[in-house]
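Here is a short walk through one protein model. Keep the structure in view as you read.

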Amino acid sequence: MAPSPPETKPPKGGEGEAGPRRIPLIGFLLLALALPVVLQSLAGFRTKDPIRYDELIHYVDEDRVDWVQLGEREIVGAYKTGRKPARRAGSHQDRPDHFATAPVKDDSLVPLLQAHHVAFRAVLPSAFSEQWGWILYFGISVLFMIMLFGGMFKRMGGAAGGALAFGKSRGKVATPEEAGVDFDDVAGAEEAKQELLEIIEFLKTPEKFKRLGAKIPKGVLLVGPPGTGKTLMARAVAGEAKVPFISISGSEFVEMFVGVGAARVRDLFEQAAKVAPAIVFIDELDAIGRSRGATALGGGTNEEREQTLNQLLVEMDGFQPRKAVIIMAATNRPEILDQALLRPGRFDRQIVIDRPDRRGRKAILAVHTRGVPLGPELSLEEIAIRTPGFAGADLANLVNEAALLAARHGHDFVTTEDISSAVDRVVAGLERRSRVINPEERRRVAFHEVGHALVGTLAGSDDRVHKISIVPRGVGALGYTMQLPAEEHFLMTEEAIQNKLASLLGGRAAEEVVFGQPSSGAQDDLRKATDIARAMVTEFGMSDTVGPVSLSGDRRNIFLGSDGGPRLSPEMSPSLAETVDKEVARLLREALARAKELLLAHRERLDHVAEELLQAEVLEGERLDALLHGVDRDALD
Ligand code: ADP
Ligand code: ZN
Ligand code: MG
């Protein structure tokens with residue numbers, strides 16, 4: 001089926017937390033602004049009223065002075081309580097309790113002080129403590145300035161990571177209890193869970209595996225569209241194995257000072273080594289693991305990302321021999337990852353987590369409605385049927401919305417009505433992100449896919465149909481039919497190729513038979529079929545009109561993923577080229593006609609399988625076999 005419109009990417013960091021990262025910088029600015037005040041109050045005793053020498057004499061005369069210290073460079077003193085001179089003109093603040101003035105050579109001062117019973121003493125001329133005060137003040141100010149600028153630089157770079165935590169990993173360590181999730185909380189991803197069991201075993205008893213010299217995958221990459229529970233799954237693995245979970249999001253790494261990201265990676269692994277066995281989880285791996293040199297994608301300085309990525313590779317290479325640490329990562333864009341990350345010994349184990357099918361959705365709904373009182377008439381099955389294309393996060397959101405609506409309407413439990421409104425809301429949101437196809441299209445996709453499968457089966461194709469699915473997939477297809485050769489073979493007879501052609505055109509044939517006209521959805525099928533038909537004519541000599549000649553310009557096996565079809569040798573005459581084109585078109589027309597004929601003859605079966613597919617969304621294995629062969633085994637479910 002046709003590729004769906006490219007999925008809009010969630011805003012960067014949409015899965016991470018962007019907000020809190022601002023706080024350190026703001027707090028920091030405030031601190032810097034408040035600094036002078038803080039220092040002044042700390043050094044409160046030093047704030048002195050600057051007075052002239054004649055004023056000093058005057059105040060002593062007026063008996064306002066309590067005591068003085070006679071220094072070589074400065075005379076300081078204190079006013080008597082309650083005898084402080086009035087505020088200065090234009091000032092709205094009281095004078096400080098202390099005053100200071102520069103000394104004047106004046107032999108009459110001491111007698112005057114004595115006359116007015118002012119305590120006085122001389123100070124040694126060192127002024128040592130004063131200098132220290134200034135040095136301290138300057139030092140602290142400069143320090144703060146540096147930090148302030150640091151913060152601003154980082155902000156300009158787009159990320160205001162905690163400026164006080166340079167080079168420190170912000171990886172969060174969660175003990176198993178804190179992680180608090182296990183496989184019971186992750187529903188409908190049975191295959192992925194199955195694959196992760198081995199990892200859990202290893203984390204539980206690493207000695208057992210090490211003793212036997214077993215090679216355990218170092219890195220496990222969870223791949224799947226947003227909201228399908230990748231992060232949740234990683235946590236659940238830690239929860240099941242009861243080991244600490246050290247997580248960090250790739251988006252936290254980007255756009256930092258050069259070298260900081262690498263330091264954080266180092267730190268992260270050090271942390272893990274301390275608490276091993278443990279899981280290191282790097283969420284949104286694509287943020288750092290994006291292929292080197294792919295500058296156009298933007299975001300962060302390249303140099304920084306490369307350093308971070310290199311450090312990650314270094315750590316991954318040097319890690320496992322020492323410690324039982326499994327590195328897990330998640331991404332929804334595996335295609336942009338640097339190839340070096342996917343090499344053996346790194347993230348060589350990939351686990352796909354796809355959007356759930358109907359059964360999976362029902363299970364996820366069950367998890368999320370655990371604590372929600374549901375109306376007696378409410379059926380999770382029905383909600384699952386109504387929510388094709390929803391990922392786990394969408395379903396969690398749906399339940400929450402419904403509960404909110406129920407509360408707003410003053411219901412005692414969530415009713416079908418609440419769910420309906422909530423579905424509408426969530427769907428509206430998803431539609432904007434072009435993730436949900438309308439029921440019309442869904443029907444068409446179902447018939448299209450069944451068309452492929454049924455024609456393949458009826459025409460007696462060598463390929464067995466393993467699986468049909470109409471669960472929309474991220475970037476790829478609206479639906480797909482998986483056909484695999486029943487047994488390996490190296491040659492294909494003319495008949496086998498014709499069967500393959502018919503099966504390829506079976507999707508379009510079904511659309512024509514059922515809906516009266518084809519859709520653009522068969523585009524990809526047509527391209528493949530055309531390539532094959534052209535090869536039949538120009539390479540395999542399977543056209544009577546053209547004859548048993550090879551007209552091909554190059555030698556590629558078109559059955560092994562040819563891209564543009566065989567190129568014709570340039571010396572072909574125009575009339576021959578025309579004949580070739582006609583022959584190709586004839587082969588395709590005949591194949592399509594045959595496919596339609598088969599489907600018309602088995603129209604009931606087509607309808608039946610399509611309805612089943614619409615219901616179940618995924619058909620596979622024995623059940624699919626039985627349906628395609630018209631063996632009525634409904635009881636099998
Ligand atoms: P991802 O990391 O793949 O984008 P998350 O793990 O962040 O997805 O999932 C977001 C939320 O959606 C989870 O916290 C959980 O509430 C819900 N969710 C997703 N998938 C599942 C699932 N298979 N079972 C139960 N809840 C799920
Ligand atoms: Zn198709
Ligand atoms: Mg996530």
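This is a predicted model: local features need pLDDT of at least 70, side-chain atom pairs count only at pLDDT 80 or more; totals for chains, interfaces and linings use all residues.

Phe 347 sits in the loop between β10 (325-331) and β11 (349-352). Its relative accessibility is 0%, so Phe 347 counts as buried. Which residues does Phe 347 touch, leaving aside those up to four places away in sequence? Among them are Gly 219, Val 220, Leu 221, Leu 285, Met 316 and Ile 327. Pro 217 is 130 residues from Phe 347 in sequence, yet their C-alpha atoms are 7.9 Å apart in space.

Now turn to charged pairs. The structure holds 31 salt bridges. One joins Arg 333 and Asp 286, with 3.4 Å between the closest N and O atoms. Arg 333 lies in the loop between β10 and β11, and Asp 286 lies in helix α11 (residues 286-289), so this pair ties together parts that are 47 residues apart in sequence. Both Arg 333 and Asp 286 are buried.

Arg 346 pairs with Asp 317 in another salt bridge, at 2.7 Å from N to O. Arg 346 belongs to the loop between β10 and β11, while Asp 317 belongs to helix α12 (residues 302-319), so the pair links parts 29 residues apart in sequence. Arg 346 has 12% relative accessibility and counts as buried. Asp 317, at 39%, is partly exposed.

A further salt bridge stays within one helix. Arg 603 and Asp 607 both lie in helix α21 (residues 603-616), 4 residues apart, or about one turn. Their closest N and O atoms are 3.0 Å apart. Arg 603 is partly exposed at 30%, and Asp 607 is partly exposed at 25%.

Finally, look at a network. Salt bridges link Asp 49, Arg 88 and Arg 95.

How values were computed: Residues are numbered from 1 along each chain as its sequence is written. Chains are lettered from A and ligands numbered from 1 in the order in which they are written. Side-chain values use heavy atoms; hydrogens and water are left out. Helices (H or I, at least four residues) and strands (E, at least two) are DSSP runs, numbered from the N terminus. Buried means under 20% relative accessible area, exposed over 50%, partly exposed in between (1.4 Å probe, protein chains only). Contact means heavy atoms within 4.5 Å. A salt bridge is a side-chain nitrogen of Lys or Arg within 4 Å of a carboxyl oxygen of Asp or Glu.
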